[in-house]
Amino acid sequence: MVSKEQILTWLEEVKDPEIPVLSLVDLGVITDVIINPDHVLVEMTPTFVGCPALDYMKLEVETLLKTKGIIPHVHVSFKKPWSSDLISEKGK
């Protein structure tokens, strides 16, 4: 079975469309990964509500995980707003 850490490592390949030197993981947009028996749930919190690149980012995450043999479910959540505190040390 794949681990959360492995999923996050793979997702480092998905770059932010507006700042392509940063991955969605480093930017803090990927806020959770939950491994289920039949799929992987990826929670994303965009940097702002109405982000025009949201559908593109979701598709990139789904496409990458499918190439790894994972059935992805990408959920956009605003339960905790994105802030620059979510940017990883690598991203800073």
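This is a predicted model: local features need pLDDT of at least 70, side-chain atom pairs count only at pLDDT 80 or more; totals for chains, interfaces and linings use all residues.

1. Residues are numbered from 1 along each chain as its sequence is written, and side-chain values use heavy atoms, with hydrogens and water left out.

2. Searching the whole structure gives five salt bridges (a side-chain nitrogen of Lys or Arg within 4 Å of a carboxyl oxygen of Asp or Glu).

3. Lys-4 belongs to helix α1 (residues 4–11) and Asp-32 to strand β1 (residues 30–35), 28 residues apart; helices (H or I, at least four residues) and strands (E, at least two) are DSSP runs, numbered from the N terminus. Lys-4 is partly exposed at 34% relative accessible area, and Asp-32 is partly exposed at 25% (buried means under 20%, exposed over 50%, partly exposed in between; 1.4 Å probe, protein chains only).

4. Asp-26 pairs with Lys-90 in a salt bridge whose closest N and O atoms are 4.0 Å apart. The link runs from helix α2 (residues 24–27) to the segment after β3 (72–76), across 64 residues. Asp-26 is buried at 7%, whereas Lys-90 is exposed at 61%. Both residues also belong to a salt-bridge network with Glu-12.

5. A salt bridge of 3.5 Å, N to O, connects Glu-43 and Lys-79. Glu-43 is in strand β2 (residues 40–44) and Lys-79 in the segment after β3, so this pair ties together parts 36 residues apart in sequence. Glu-43 is buried at 12% relative accessibility; Lys-79 is exposed at 67%.
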